[in-house]
Amino acid sequence: MPKQPLLEINELKTHFHTERGRVTAVDGVTFHVNEGEILGVVGESGCGKSVTSQSILRLFDEKRLAQYDGEIKLKGTNLLELSDEKMQSIRGNDIAMIFQDPLSSLNPVFTIGHQIAESILLHQNVSKKEAYEKAVEMLRLTGIPAPEKRVKEYPHELSGGMRQRVMIAIALSCEPQLLIADEPTTALDVTIQAQILDLIVEINKKLNMGVIFITHDLGVVAEICTRVVVMYLGQIVEEANVVDVFENPLHPYTRGLMKSVPQIDGDRSEKLHVIEGTVPALDNIPKGCRFATRCPFADELCVEKVPELREFKNGQKARCWHAEKIAEEDQEREDQYV
Amino acid sequence: MFNYIIKRILSLIPVLFIVSIAIFLLIHITPGDPASIILGIDASQEQIDELRQQLGLDLPVYEQYIRWILGVFQGDFGTSYFSNEPVTTSIIEHLKPTISLAILAQIITIIIAIPLGIAAANRRGTVADQSIMGVSLLGMSIPSFLLGLFLILFFGVKLGWLPVAGYQPLEAGFFTHLKYLIMPAISLGAIQAALVARMTRTSMLEVLNTNYIKTAQAKGVKNRSIVYKHALRNAFLPILTVIGQTFGILIAGAVVTETIFNIPGIGQLIINSVERRDYAVIQGVVLFVTLSYVFINLVIDLLYGLIDPRVRLDND
Amino acid sequence: MSEQQIVKIGKEQETPLLDIQGLKKYFPVKGPLGNLGGKKGMVKAVNNVSFQLFEGETYGLVGESGCGKSTTGRTILRLIEPTEGKAMYKNKDLFQLSGKESRKMRQELQMVFQDPYSSLNPRKRIGQSLEEPLAIHQIGNKRDRTDLVMDILEKVGMRIDHYYRYPHELSGGQRQRIGLARALIVNPKIIIADEPVSALDVSIQSQVINLLQELQEEMKLTYLFIAHDISVVRHISDRIGVMYLGNLVEEARTDELVESALHPYTQALLSAVPLPNPKMKKERVVLKGELPSPLHPPSGCVFHTRCPFAMDVCKQKVPVMEARSKDHQVACHLYE
Amino acid sequence: SDTTKQEEGKENEGETVTGGELRVAYSAQPPSLDPHVSAAIITAEVMGHVFETLLTTDSEYNIKPMLAESYEQSEDGKTITFHLREGVLFHNGEEMKAEDVVASMNRWKDGPGGRGQFENSTFEAEDDYTVVLKMDQPLSTALNSISQGSSSFAAIMPKESIENADETSVKEEDLIGTGPFTLEEWKQDQHIHLTKFSDYTGLEDEADGLYGKKEALVDDIYFEIVTDSSTRVAGIVSGEYDIAHEIPYDNADQLENDPNVENQIIPGAGTLIMFTNKKVGPFADVKAREALSTLINIDEMMTAAFSDPKYYTLNHNMMMPHQEEQWYSDIGKDKYNLNDPEKAKQLFEEAGYNGEEITIMTSRDYEFMYNAAVVLQAELEAIGVKVKLDVYDWATLLDNMTDETAYDINMVWIGYKPEPTSHHFLNTQISGWTESDELTELMEKFRTQPTLEDAKPVYDELQAWFWDYLPAAKIGDYNRVDATRTSVENYQYSDRMILWNVTNNK
Amino acid sequence: MGTVESNVGLTSVKQKLKKEQRQLFFKRLISNKLMVTGGMTILFLMIVTLIGPFLVSHDPYEMVVQDRLQAPSAEHLLGTDEFGRDLLSRIIHGSKVTMGVGFSVAAITSLLGMIIGLYASYYRFLDHILMRICDGLMSIPAILLGIALMAALGPNTKNVIIALSIVFTPHVARVIRSAAIVVREQTYIEAMKAQGASTWRIIWGHMMPNTISPLVVQATFIFADAIITEAALSFLGAGVPAPDPSWGNILYDGKLVIFNAWWMTVFPGIMIVLSVLGLNLLGDGLRDLIDPHTNQGKK
Ligand SMILES: Nc1ncnc2c1ncn2[C@@H]1O[C@H](COP(=O)(O)OP(=O)(O)OP(=O)(O)O)[C@@H](O)[C@H]1O
Ligand SMILES: Nc1ncnc2c1ncn2[C@@H]1O[C@H](COP(=O)(O)OP(=O)(O)OP(=O)(O)O)[C@@H](O)[C@H]1O
Ligand SMILES: [Mg+2]
Ligand SMILES: [Mg+2]
Ligand code: NI
């Protein structure tokens with residue numbers, strides 16, 4: 001890659017100290033985000049997407065709760081080595097974040113206008129009044145009706161989707177270089193979702209902002225992402241551009257995921273496809289491939305040896321001993337149909 | 001809300017009524033009476049009886065009560081058996097030093113306690129936290145008379161910086177006023193500060209782990225501002241309650257401190273009137289104190305809603 | 001497929017299990033000092049909504065964010081008191097039940113909350129939170145309960161050792177599954193599920209949806225399924241209701257709704273569903289116009305401000321729900 | 001100019017400086033400032049500077065004229081004529097006349113100061129400067145009562161003040177006397193402020209006790225009400241107060257070592273005594289009372305109460321040691337301070353004591369009472385008597401004094417009395433239900449003597465009765481310790497603190 | 001939904017998990033430094049209270065008036081009081097009454113305060129009534145109440161406890177209420193209602209644990225205050241009957257001689273601090289035990 005990526009994560013590990021001992025929720029994650037790029041992150045529930053994203057901002061209490069390893073480089077500076085004060089100036093300014101859980105992530109005692117305006121005041125040189133006006137504007141952009149009235153309301157008076165949009169407004173109002181959006185549209189109806197996606201893409205274009213977009217909605221991924229990272233149990237199992245992920249996924253987990261999507265025009269009477277088995281516990285991780293317990297392709301090798309993330313054509317990467325075989329199979333099947 | 005305030009003010013009437021009856025009964029099961037105290041140890045039974053009759057103490061309790069309550073309705077709280085001063089005047093006179101003292105002590109409490117409590121919560125488990133909490137425990141367990149005496153001995157007697165005791169009204173000049181109040185305010189404030197500091201710490205601990213604090217961090221809000229704005233406001237209800245209570249206690253009279261520092265406040269008035277069984281004054285003061293508690297608590301309840309919009313005491 | 005469907009359609013002739021009639025919920029808007037200075041107005045969160053749930057069916061409720069779906073759900077369970085309306089369940093109006101009766105009733109009517117984190121007591125371990133409903137309805141002894149909880153954990157795709165975790169240690173999707181497990185564990189008759197799968201990845205989502213369907217078959221469960229993901233709603237629901245700004249604007253059998261949506265809002269909604277195919281970009285019906293607020297809902301048809309087909313009558317007259325065909329009703333002047 | 005002032009101040013050191021103020025830390029607040037109605041000693045200590053009496057006493061307790069120029073008693077002892085001094089001014093500028101004296105004295109005699117003595121007597125004005133006291137019987141204590149300067153002294157105030165008075169007392173603004181200080185202000189619970197009365201015209205004789213020249217050498221006196229004893233001590237050490245009333249005995253040594261403070265030991269401040277319940281319970285039997293009196297270890301009790309012999313005197317007399325000149329008797333000396341537990345035990349047995357619980361009543365409002373009671377409790381328990389110690393607040397204790405079920409032994413103090421018959425334990429009502437015809441007779445006999453001189457032999461009889469009947473068990477007499485700053489000169493005490501002729505050289 | 005027959009393997013996994021969890025709980029209990037230190041302190045005081053009286057060499061009531069106010073020495077380790085009684089044995093004998101009063105008052109006020117505060121916060125109509133009662137109770141002067149109760153019921157420790165409980169309960173109630181009214185509005189309480197939980201369960205199972213923290217703070221404060229106020233009341237005859245010792249009494253006696261007998265205030269003072277400290281640590285530890293965020297293991 002000729003250009004320096006906006007964000008580069010190398011072998012990031014996040015450990016939590018729990019009553020049951022130390023667990024590694026994110027275990028050696030490596031990826032990058034370029035300027036102006038929208039990177040999709042998908043993966044099993046509980047695989048560490050949120051933890052990874054919050055680790056980028058170092059939001060876990062390092063004194064008591066968490067410990068980070070590896071490197072998180074924002075334009076070359078390793079965030080993990082920064083002082084608390086420096087880190088503070090990066091949060092919100094350079095990197096903004098939309099949290100997954102909108103109700104508990106909004107401060108119950110401040111009006112939403114206040115919360116948005118605060119963020120504007122922090123990062124832009126404007127008067128209080130202007131900040132409030134801007135807050136109203138941001139809310140309008142996210143499609144909240146009667147925003148002049150809504151700014152005066154408190155989080156508990158809003159519907160789930162509205163809260164989520166407030167979170168989005170807060171994050172976008174900072175005009176960051178990097179936006180981390182953790183399932184930002186789950187509580188939105190599709191029309192509003194479309195509006196929000198447009199908004200994110202628009203700002204992304206305008207500011208050349210990098211976006212990490214965590215979502216479960218593969219439709220959304222297909223619509224706005226350029227590249228996708230697939231995670232499983234604290235690790236990246238596949239990384240590819242969006243077309244490859246959908247058309248020829250190399251990792252069995254990705255394939256399973258693709259098959260599970262309910263189609264708007266699918267057969268309703270058929271059971272949805274599921275990936276059999278459950279995710280192993282973080283404190284009881286299999287010796288070899290982490291997906292081996294649930295993988296239809298798994299053999300001795302998988303159980304014994306940890307696969308590396310290997311690169312294939314088009315820069316597609318996968319962490320699987322049998323990636324080639326799977327690719328071939330796919331090829332064959334496609335050939336048959338053609 | 002308006003309705004709520006009206007309701008609260010109306011509820012004052014039964015409260016005062018019941019308190020007045022309770023206090024009347026309480027007084028009358030309490031042995032001792034003003035007559036025997038006024039007349040002293042030498043008095044004979046006849047003399048006492050005679051004075052009791054003069055003071056109307058020989059009437060049945062309910063009749064005394066009715067007489068008194070009828071007076072109250074006309075704004076007359078009676079006169080002190082001792083000083084012959086109208087009770088209202090007495091209360092107002094004694095209230096002045098008390099209010100000054102209460103405000104000053106409260107300021108000291110708030111200035112010391114809240115930042116300390118926050119600092120401790122922020123540094124949970126560290127040496128700083130432990131020492132702050134250690135000191136506050138000490139503060140909690142030290143009787144106010146001891147602290148007062150230590151202050152007197154050190155600043156009053158040893159260093160001679162401050163007058164050991166007494167009171168000068170505000171008319172004597174602000175600094176003179178302050179000079180006399182500063183030590184009692186500290187000795188009162190310190191103990192209350194200990195409570196408030198601890199309350200602050202625990203309340204803050206509950207809040208600091210929440211997601212919205214993370215949001216604030218992610219927004220890039222300065223640490224100070226996170227703690228003082230985002231977290232404190234959420235943690236503030238119990239703190240405010242304690243502050244309100246201590247203020248109430250101060251208004252109701254910091255008996256020990258006022259005695260040690262010889263401040264003619266409500267606390268002294270209460271203890272003296274109880275010691276002298278000055279019924280009229282006791283009744284008046286208790287009613288007054290009830291009134292102030294109801295008022296302070298009303299203000300605090302209203303503040304609850306301002307601080308935390310989810311709390312609406314006036315719903316339904 | 002057909003067998004199942006037929007059974008249900010047959011059921012529709014019968015009396016509904018839950019009959020919501022003219023439900024209204026208005027929230028007063030207050031200033032910082034509450035009512036001081038008078039009420040500032042009312043948010044008409046739910047405005048005259050009626051629908052029926054039949055035993056064993058899944059009723060999908062979709063609609064714009066903030067249109068009152070959650071409020072509808074919460075009001076039915078009387079977690080907030082309704083302003084007006086009736087909810088007939090087993091010949092009783094839920095809104096008239098005494099405290100005790102309605103507590104009893106709640107074993108049969110369960111709710112999955114939209115916000116999974118805040119609906120879990122942060123101080124309780126997952127297991128404790130899940131055992132609670134069992135204890136409330138006196139199901140099993142202490143030991144059985146633990147077993148039951150561990151079973152249900154596995155069913156919703158969690159591990160039994162999650163029993164001893166605290167909510168904050170879980171991921172968003174895990175919490176959501178806990179919420180669902182809590183509703184399922186007491187064998188209810190009706191589950192009001194407010195976005196029960198939105199935070200799940202598709203494979204777990206499939207697993208959960210399959211589970212819901214299995215249970216439904218097994219135990220004749222009835223779902224009120226509130227969601228935004230139309231594909232999911234389509235997959236699971238027998239009938240779908242579409243809400244807009246506190247009103248129910250269209251209601252139809254699933255296939256019919258998806259294939260021939262009548263209401264302009266429904267059409268817009270369906271067109272906005274993103275497709276999981278990066279190569280296929282589809283034309284969306286983009287809604288224009290100012291978004292109305294439930295504080296001051298527009299006169300006439302609430303949708304007229306954004307409706308591409310708005311007519312004069314829409315501004316004046318409130319359209320009423322009318323059956324267009326069997327099992328398909330719509331409230332729109334276009335079809336009068 | 002500041003420096004010059006300071007230097008002037010220095011030059012003046014050593015000489016008597018007039019002017020300035022005196023701050024007296026007083027331990028209690030008076031119930032009233034009207035000496036006619038208040039029986040509290042503080043009323044006398046404060047108002048003794050404001051009011052004067054017709055007669056007064058010198059340091060030897062000789063009766064001397066004060067507002068009266070002279071007085072004479074009739075042969076039969078039933079009339080006493082007072083010739084008033086002319087030109088004596090009240091603080092309001094009016095001259096004192098006979099009508100004022102008559103009004104004052106008639107009011108006084110019905111109050112605690114005269115009650116029980118002057119019931120059938122009247123004061124009448126003969127002319128503007130002559131007042132006559134008419135009695136239907138001679139009264140030995142008459143002159144004594146009129147001249148005494150302790151509580152309920154016979155203050156002279158204007159007639160108008162008395163006419164204006166309400167049921168209970170004279171109004172504050174009417175508290176107008178003839179003394180060297182005027183009452184400026186009484187701030188409840190705070191202070192009583194006296195100022196110099198510049199038109200004061202008193203006697204020119206040398207000051208002696210309450211008699212003689214009274215000069216207000218300071219401009220202001222503040223009686224600060226300081227109820228907490230530690231605060232009084234701290235205040236006198238720091239110089240906040242010039243005089244501290246009633247220093248706790250345990251602190252006195254410390255003050256003695258302070259070069260800036262002087263202790264004033266005031267003899268005969270009171271008597272520590274036990275009233276026994278003679279109506280019901282074991283002490284209804286005189287044998288039990290004898291047992292009690294035989295038992296007690298007076299040294300131990302007095303040490304526990306007053307810490308050091310400096311501060312108390314062992315005395316079997318009903319009257320105080322400093323009154324020995326006037327009142328003394330050997331009777332009872334052999335029965336006092338026996339400290340014989342064995343004999344006591346035996347006496348208790350003889351009295352039929354059979355293990356019932358004995359209640360000692362006391363109050364911690366006076367710490368020494370409590371201390372003595374605790375020692376008594378231990379002593380009684382040591383000989384197998386079951387004891388309960390009930391501690392009350394002062395008001396309750398006063399109330400309980402007339403409740404026969406409340407106590408068996410009442411451990412209290414009583415104040416100094418100028419003559420024996422006003423003593424508590426001779427009052428049948430309040431000393432634990434004394435019932436003795438002999439006492440009634442003796443009292444009558446004592447009082448109806450024309451003069452005290454004539455009554456003195458009866459005192460011996462009273463003393464004998466006291467030790468026979470044992471209406472109360474006397475423990476001992478105690479002194480009071482006041483502390484003064486060394487800058488305060490000429491602090492005197494006679495029945496009460498005397499602040500005239502006192503300078504404060506601060 | 002029927003109970004799924006769990007196979008043997010799964011049962012044993014469950015068994016193991018449960019066992020592990022129990023072990024973890026004990027581990028956490030032991031590794032909870034606050035709780036252990038607090039517990040040890042309280043245990044120590046208990047031992048002093050129960051066994052101490054048999055170990056001291058002096059009779060706490062024996063007076064040697066000549067030896068009054070002796071400084072600490074080999075004979076009297078902590079010196080003597082104003083009657084020449086041995087201070088050490090008085091402090092030890094006094095701990096029973098003191099701890100009794102302190103703990104009882106703290107426990108009674110906590111319980112009553114919790115009941116009042118929680119129910120007032122839950123039922124609006126009760127709020128008006130209960131809080132107004134509290135306002136009224138708060139304004140009755142403690143000394144008057146003390147004297148009156150003593151007169152009505154006689155002076156003993158029980159009445160002290162009653163009087164102090166009456167005085168302090170409203171304080172606890174208000175603090176609990178302030179914490180509870182926020183908890184009441186939380187979604188998880190709504191969720192509990194949706195489960196059909198009884199009011200009892202909501203209040204005691206869910207709201208109460210969330211008000212423990214302020215309760216602990218307030219209760220320890222009351223504990224300390226009660227010990228000291230007991231002494232003030234016994235001056236009015238409403239406290240511990242003389243000559244029984246209590247720390248507060250010794251302290252108050254010490255006040256009178258504060259200028260020349262420091263040991264009279266310092267030693268009982270230390271004991272009070274120690275007990276408050278112990279109680280407080282125990283409370284904090286308890287709080288931590290139910291606080292999920294502290295249950296995170298240490299680094
Ligand atoms: N504070 C914590 N202590 C211990 N474990 C934690 C903590 N926070 C998260 N975890 C664990 O880390 C893992 C990853 O969680 P994370 O929230 O990143 O999942 P996710 O990928 O965002 O899932 P979802 O899509 O469901 O939100 C989970 O197994 C979770 O249980
Ligand atoms: N407690 C409340 N006080 C005032 N207004 C409220 C309250 N709760 C909800 N509302 C309002 O009621 C309306 C409907 O809210 P509701 O939560 O039912 O929407 P929803 O359909 O569930 O939306 P979403 O899909 O975004 O969750 C919104 O306008 C919201 O602002
Ligand atoms: Mg997540
Ligand atoms: Mg909702
Ligand atoms: Ni007193």
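R58(A) has a positive phi of about 50°, and its position is just after α1(A). Keep in mind that this is a predicted model.

Now the helix itself. α1 of chain A covers residues 49-56, and eight of the eight are buried, so the rest of the structure largely encloses this helix. I use buried for under 20% relative accessible area, with protein chains only as cover. The buried set runs through K49(A), S50(A), V51(A), T52(A), S53(A), Q54(A), S55(A) and I56(A).

Next, the ligand. Where does ligand 1 lie? Its place is between chains A and C. The shell around ligand 1 has 21 residues, and the closest are G46(A), K49(A), S50(A), E169(C) and G173(C).

On to the polar contacts, each to an oxygen atom of ligand 1. From chain A, a backbone N or O atom of K49(A) is 2.7 Å away, and a polar side-chain atom of E183(A) is at 3.2 Å. From chain C, E169(C) places a backbone N or O atom 2.6 Å from a ligand oxygen. Ligand 1 on its own would expose 640 Å², of which the protein buries 95%.

That is the site; I will take questions now.

Notes:
Residues numbered from 1 in each chain as written. Chains lettered and ligands numbered in written order. Predicted model: local features only at pLDDT ≥ 70, side-chain atom pairs only at ≥ 80, totals over all residues. Heavy atoms only, no water. Buried < 20%, exposed > 50% of the residue type's maximum accessible area, 1.4 Å probe, protein only. Helix = DSSP H or I, 4+ residues; strand = E, 2+ residues; numbered from the N terminus. Near = heavy atom within 4 Å. Polar contact = N/O pair within 3.5 Å; in protein donor to acceptor, adjacent residues only side chain to side chain. Areas by Shrake-Rupley, 256 points an atom, 1.4 Å probe, with all protein chains shown as cover.
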